[in-house]
Amino acid sequence: MTATEVSAPALLLPTDLLGRWDLHRTVHDRLAGVSGTVTGSTELTAEDDGSVRWHEAGTMVLGATETPVWRTLSVRCGTGDRWYVHFADGRPFHDWAWGDRVEHACAPDDYTGLLTGTPERWRVRWEARGPAKDLVLDSVLTPTR
């Protein structure tokens, strides 16, 4: 085994991350000059159709405002064992490309994301840039004990 093979991160599939996770997200709105957090939980659940349901719920504190937040995504296996993340209404969001940058065009802004980590601690980082947004969203997920 070479040094490159030893240091290369494991390529995780959504099925490797099934379960309940503690969610801690930092939010930096550079356009508004405000930072905050989201704390809550994320749960990845295997569905009967082979997809993985990705549900997040928590509380966002941004400046002096505290707001409940939630979203549900679906991660589906496509052709060639490639996985894709979709919004709850079925619209495509991004490829599941562990360790590689992913993109989501949301006119007029562009989102660039990265999924990395291990089965014990993983991270989802998004940067949104454009005329309407300049955000960094950095989520760290650890197993719920």
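Both Trp21 and Trp122 are buried in this predicted model, where buried denotes under 20% relative accessible area, exposed over 50% and partly exposed anything in between, for a 1.4 Å probe and protein chains only. The model is predicted, and for that reason local features were required to have pLDDT of at least 70 and side-chain atom pairs pLDDT 80 or more, whereas totals for chains, interfaces and linings use all residues. Residues are numbered from 1 along each chain as its sequence is written, and side-chain values rest on heavy atoms, with hydrogens and water left out.

A search of the whole structure returned eight aromatic pairs, a pair being two rings of Phe, Tyr or Trp (its six-membered ring) with centres within 6.5 Å, called stacked when the planes are under 30 degrees apart, edge-to-face when over 60 and tilted for the rest. Because Trp21 belongs to strand 1 (residues 19-29) and Trp122 to strand 9 (residues 121-129), the pair ties together parts that are 101 residues apart in sequence; strands here are DSSP runs of E with at least two residues, numbered from the N terminus. Trp54 lies in strand 3 (residues 52-62), 68 residues from Trp122 in strand 9, and both Trp54 and Trp122 are buried. Ring pairs join Trp21, Trp54, Trp96, Trp98 and Trp122 into a cluster.

The largest pocket holds about 540 Å³ of space, a pocket being an open set of points on a 1 Å grid over the protein atoms alone where a 1.4 Å probe fits, with protein on both sides within 12 Å along at least five of seven lines, and lining residues having an atom within 4 Å of a point. Its lining comprises 25 residues, of which Arg25, Glu56, Arg71, Tyr111 and Leu137 lie nearest the centre. Strand 3 supplies the largest share of this lining, six residues. The lining divides into 17 nonpolar, three polar and five charged residues, with Ala, Val, Leu, Ile, Met, Phe, Trp, Tyr, Cys and Pro counted as nonpolar, Asp, Glu, Lys and Arg as charged, and the others, Gly among them, as polar.

The second largest pocket has a volume of about 170 Å³, and the residues lining it include Trp96 and Trp98, two members of the tryptophan cluster.

How values were computed:
Helices (H or I, at least four residues) and strands (E, at least two) are DSSP runs, numbered from the N terminus. Grid points are joined across faces, edges and corners, and a volume is the space filled by probe spheres set on the points.
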